[in-house]
Amino acid sequence: MHEHEPASDATVVSVRAMDIATALALMALAIIVMLECVEIGFGWSEAEGPQAGFFPFIVCAALAFASLINALQAALFPTEDQHGDFVSIPGLGRVALVVAPLAAYIFAIGYVGIYVASALFIAIFMMAFGKIPLVKSLAVGVGVPLALFFMFERWFLVPLPKGPLEAMLGY
Amino acid sequence: MNMLAVIKSNSLVIGALTAAVTATAALSAPAQAWEPTKPVTFIVPAGTGGGADQMARFIQGVIAKNNLMAQPLVVVNKGGGAGAEGFLEVKKGKGEPHTLVITLSNVFTTPLGTGIPFNWTELTPVSMLALDQFVLWVNASSPYKTAAEYIEAVKAGDEKTFKMGGTGSKQEDQIITVALQRTTTPKHFTYLPYQGGGAVATQLVGGHITSSVNNPIEAVSHWKAGTLRPLCIFDAERSAYTQKITADMAWSDIPTCKESGVDVQYQMLRGIFTSPEATPEQVAYYVDLFAKVMATDDWKGFMQNGAFNQKTMSGDDFRSWLTATEDTHRTLMSEAGFLAKKATN
Amino acid sequence: MIAGSRGNGGACVEEISSLMQGFAVALTPFNLLLMAIGITLGVIIGVLPGLGGANGVAILLPLTFSMSPTSAIIMLSCIYWGALFGGAITSVLFNIPGEPWSVATTFDGHPMARQGRADEALVAAFTSSFVGAFVAVLMITFMAPIVARFALQFGPAEFFAVFFLTFASFIGMSKGSPFKVIAAMCLGFALGAVGLDKMTGTLRLTFGHDELLSGFDFLIAVIGLFGIGEILTSIEDGLKFQGAHAKMRLSSVLTTWRKLLPYWATSIRSCLVGCWMGITPGGATPASFMAYGLAKRFSPNGKNFGKGEIEGVIAPETAAHAAGTSALLPMITLGIPGSPTAAVLLGGLMIWGLQPGPMLFVEQKEFVWGLIASMYLGNIAGLIIVLTCVPLFASILRIPFAIIAPVILVVCAIGAYTVHNSMFDVWMMLVFGIIGYIFNKLEYPLAPLVLAIVLGDKAEEGFRQALLSSQGDLSIFFSNWLVGSIMGLGIVLLTWPLISGLFAMLTRRNATKLADSGAAGE
């Protein structure tokens with residue numbers, strides 16, 4: 001989410017800046033929810049007691065208040081830890097290298113089905129990160145989805161998203 | 001008062017239709033043109049443990065036990081959003097015949113009450129399996145022996161001191177409660193919504209509420225144990241089951257509410273639907289399947305255990321029954337002020 | 001064995017003779033085989049987040065029609081025990097709790113695994129589960145009628161009080177900023193509120209999106225926050241799971257058992273919490289959180305909780321299983337299922353023509369006592385099976401990170417998908433993963449967030465039902481001794497940091513001594 005904020009100096013982003021950004025984001029969320037609660041009603045109704053928005057309104061008021069304090073604390077009275085780095089540049093790189101393929105994997109499920117996407121994801125992940133030989137990567141990549149296929153589709157009868165390959169094989 | 005009139009006319013429609021229709025299931029006898037080729041998902045648009053869930057799991061058992069279908073039937077609970085989750089899922093699966101859904105009254109009340117974009121006409125009706133009864137229950141240690149006594153007590157008591165427990169909000173139990181209030185004018189019940197019928201019955205046994213309109217199957221065990229007392233049944237006729245449940249009473253001994261001077265009637269659909277755009281062959285297969293289910297002794301025992309009204313229908317009769325019943329619900333809910341304020345699209 | 005431990009009076013004689021008949025019914029070679037099958041399937045179900053008890057029954061149901069109801073229910077209930085045991089495995093190994101009641105097990109179980117003590121954590125978890133379940137079965141055997149009456153005392157106000165007590169015993173114990181605790185918990189409440197408001201039947205906070213109709217499921221939040229978040233955090237430090245040097249010795253069972261003995265007080269307290277929460281029925285999830293919170297508060301090693309303290313595994317596991325087991329009592333006697341798996345068991349009873357409810361004990365004596373006997377046997381069989389598999393489970397951690405990580409991610413994605421059959425949930429899992437990663441680094445505690453998602457709507461429901469029933473009069477929460485004492489206890493626990501702070505200030509010297517000896521004892 002916020003990892004891609006521009007670097008101010010050598011560090012990517014300080015803990016303090018992330019703290020402020022997170023608190024502000026939570027505050028914004030709380031305010032959106034509170035507005036919605038006003039819309040659906042947050043008082044006492046004769047027939048239904050406390051209305052639907054009553055409880056979310058209260059918790060979001062508390063959320064907004066707590067986030068305000070968190071933001072002020074980080075902005076005005078930062079602790080020693082908060083001056084530190086939120087994430088190192090190589091660390092951020094590694095995190096992005098997992099998040100991006102994972103997002104691509106989820107995106108692919110919708111098109112080729114969960115089994116084919118999983119096979120590709122596992123094999124590529126193994127080769128790219130573990131420098132594991134192609135044959136072994138392919139074996140695990142094909143074996144695991146196959147085992148999952150039998151477990152879910154055949155034994156436990158839980159249908160998972162399938163793509164053109166499964167359709168060709170009659171599922 | 002006109003609400004009562006509507007309820008009555010509704011049950012008249014039911015009566016008129018059923019007489020003509022009970023044998024419809026037999027129409028589908030010709031050779032099967034279609035059969036399921038993979039496991040059939042049986043969606044329950046309600047949580048686990050409720051009446052619809054129990055019936056669905058029972059059907060699953062009957063089909064498996066008697067080998068009525070070559071492919072397995074898999075029960076899946078999709079109760080989110082008062083069943084909207086389940087209905088939207090079936091609606092989404094256009095032309096996917098391997099999906100069935102068992103309905104309760106929420107097939108009408110959920111779209112009307114929440115404004116979610118769904119109507120039963122968007123599914124393909126298969127069969128009505130039965131109508132579920134509602135009975136007015138009080139704790140056995142309370143002084144009320146008849147429905148009339150209880151209603152008098154509500155009238156005489158302070159406003160809102162009598163607590164009616166029910167399943168969900170703006171659904172069948174609350175609709176009945178609102179209808180009952182026409183007889184307690186100017187006093188009202190406090191309606192307390194709970195998650196499931198079993199919880200409601202237990203809360204009544206524990207004395208946390210003063211009455212409930214539980215389905216027979218949800219409360220029968222407590223009745224047998226002598227902790228709950230039935231006052232009246234919300235049907236036009238008394239129940240047909242004469243086997244003794246307690247030492248001296250059978251379901252048929254419970255007076256109708258009308259007999260007791262409380263003119264309210266309501267029954268709940270237990271029906272089966274499949275995906276939109278199912279072909280006539282597919283519908284015929286399922287109609288036939290459920291006809292076989294209903295012919296088993298297990299099913300008859302289940303019907304008796306839950307004191308169901310064994311009305312069944314399918315095809316056009318079922319459609320016209322659904323149309324009429326949806327209108328009834330719309331009228332009831334609009335008079336009770338339960339219709340969604342804004343439609344979400 | 002049972003007779004020996006409880007042989008002090010005529011009141012128990014009838015139960016014991018019924019139970020012995022029950023053992024006679026349950027103890028056939030065929031039934032023992034069914035137990036083993038049930039447990040094994042249950043463990044698989046507990047390990048894979050995409051599978052639930054309902055799936056297990058779907059495949060076993062056709063098999064059960066050729067059996068007697070007792071045999072069938074033995075097999076089906078063993079799935080239940082297996083799933084209870086299995087939930088702990090992924091919590092300890094991968095920080096992914098497959099079931100809500102395993103969340104608290106991750107707090108100390110996973111740190112133990114990271115320190116290379118996965119086998120110890122698993123043995124502790126399984127053994128504690130067994131102890132909790134066993135105590136609960138003893139209670140069911142001898143106190144069923146009393147306990148069933150106690151459950152009837154619980155109305156909406158009492159339910160709210162129970163949830164209040166759970167939150168109270170858990171909050172205020174996290175280190176770091178109290179405002180971050182509040183923010184995390186309120187975020188959880190807000191997420192839990194999305195979807196249909198059950199009290200008024202209106203949709204809220206869905207902003208017109210159908211995907212949000214059924215709200216944010218606990219499982220998706222947990223898979224994301226804990227599972228994905230954990231993988232992101234560990235990958236930032238390099239491509240490995242710490243804990244690769246996990247031992248694989250069966251003898252660790254005995255050494256761990258020896259370590260468990262000194263924690264008998266925690267064990268008893270957790271059993272009490274669990275039995276009580278199972279009956280009321282608050283459920284296994286609040287029981288595990290409450291027991292963890294209490295253990296942390298009363299343990300001399302309290303400040304080490306969350307860093308791999310074995311007591312932090314014992315407490316939640318004991319309580320969760322005591323609760324999960326005693327929750328079967330209201331199911332049998334009142335017909336209320338405490339969990340989806342219990343509901344499936346309930347469905348099983350119906351198919352054999354057994355109507356759950358107060359009459360089952362009277363009308364189907366042989367069946368009920370057979371079931372109770374199978375609870376003893378099923379748990380013993382389960383313990384033996386899972387303990388022998390500990391080296392196998394622990395050895396999973398030896399698989400290179402580059403292989404196990406994508407497999408975990410795939411299993412997580414499947415688990416998220418199966419909750420509502422929706423790709424939207426899989427995307428939400430990723431979002432929760434990133435949130436979990438950020439919150440971890442900023443020291444926002446995840447546990448209160450998850451607790452609020454799991455219990456928020458139930459607490460809200462109890463609160464609003466109670467207020468509706470009292471017409472807005474708050475005094476309903478103190479209207480009788482039961483609700484009053486639970487609420488009072490909650491308030492004491494909530495203000496405990498204040499109280500103990502004062503106490504510590506007065507006896508500062510003693511407190512430091514205690515803490516020192518606790519640290520030295522490690």
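This is a predicted model: local features need pLDDT of at least 70, side-chain atom pairs count only at pLDDT 80 or more; totals for chains, interfaces and linings use all residues.
Residues are numbered from 1 along each chain as its sequence is written, chains are lettered from A in the order in which they are written, and side-chain values use heavy atoms, with hydrogens and water left out.

Chain A contains five helices and two strands (DSSP runs of H or I with at least four residues, and of E with at least two, numbered from the N terminus), and these follow the pattern α-β-β-α-α-α-α along the sequence. Of its 171 residues, 44% are buried, that is, under 20% relative accessible area with a 1.4 Å probe, protein chains only.

In chain B, five strands form an open sheet of mixed pairing in the order β7-β6-β8-β5-β9, two strands being paired if DSSP finds at least two bridges between them. The edge strands, β7 (190-194) and β9 (228-233) of chain B, each pair on one side only. Strand β5 (residues 135-139) of chain B runs antiparallel to β8 (residues 211-212) of chain B and is joined to it by two bridges, with B:V138 standing opposite B:S211.

B:S320 is located in helix α11 (residues 315-336) of chain B and is partly exposed, with a relative accessible area of 35%, the class between the buried limit and exposed, over 50%. A polar atom of the B:S320 side chain lies 3.0 Å from the backbone oxygen of B:D317, a polar contact being a pair of N or O atoms within 3.5 Å, of which, within protein, one must be able to donate a hydrogen and the other to accept it, while residues adjacent in sequence count only if both atoms are side-chain atoms.
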